[in-house]
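Good morning, everyone. Please bring up the sequence and the structure, and keep both in view while I talk.

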Amino acid sequence: MAIRMIREENDEILKKKSRVVEVIDDKIKELVKDMIETAHKNNGVGLAAVQVGVLKRVFIVDLYEEGKEPLVLINAEITQTKGEHEVEEGCLSFPNQFAKLIRPKEITVTYLDINGKREKLKCKGLLAQAICHEIDHLNGEVFIDKIIPGTLEVITEKDRENKLEDRRKQQG
Ligand code: NI
């Protein structure tokens, strides 16, 4: 396992569309392990492969809930959304920037897990938000392009740590 370098805001790769994974081979499995480690190291709740420079439709989400393993979603597609609400969001590729935007309240997503098993998940709240955020990455879209004007907040590293800590507490 290894920590991979996170591509940041002006990196052109973030605007590129990721490709469907045809075979979940050892290379993909290693990528996923590295992505989980890289997200944890940076206190991120999610990370898409493109953010570590790999244009494959793979991402992980971890809300750091006790007893729950990180979710690995391959070739994920949102099949249904319900409602909308205003949320606050950040991204490991835009360190120290947070802003508000509109996301669906509830989503249904289909995907392959790390063993290639087809899964269907209905979820809401932060999990739904994180999945929408990561799927945007797969499509070459970054959150900063869809924020509500005037809501961008640029904070210090220390503030960022506190914010992430608060968010985890909110999740219980
Ligand atoms: Ni992101």
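Predicted model: local features only at pLDDT ≥ 70, side-chain atom pairs only at ≥ 80, totals over all residues.

Let me begin with a question: is C91 buried or exposed? At 11% relative accessibility, C91 counts as buried, where buried means under 20% relative accessible area, exposed over 50%, and partly exposed in between, with a 1.4 Å probe and protein chains only.

Residues are numbered from 1 along each chain as its sequence is written, and side-chain values use heavy atoms, with hydrogens and water left out.

Now to the metal. The nickel ion is coordinated by C91 through SG and by H133 and H137 through NE2, at 2.1 to 2.2 Å; donors here are N, O and S atoms within 2.8 Å of the metal (3.2 Å for Na, K and Ca), and since water is not among the atoms, sites may look incomplete. C91 lies in the loop between strand 3 (71–89) and strand 4 (97–112), whereas H133 is in helix 2, so the pair ties together parts that are 42 residues apart in sequence. Helices (H or I, at least four residues) and strands (E, at least two) are DSSP runs, numbered from the N terminus.

H133, at 6% relative accessibility, also counts as buried, and helix 2, which covers residues 125–138, has 13 of its 14 residues buried. Just after helix 2, G140 takes a positive phi of about 75 degrees.

Finally, the protein chain as a whole has three helices and six strands, and 47% of its 172 residues count as buried.

How values were computed
Expected span 1.5 Å × (residues − 1).
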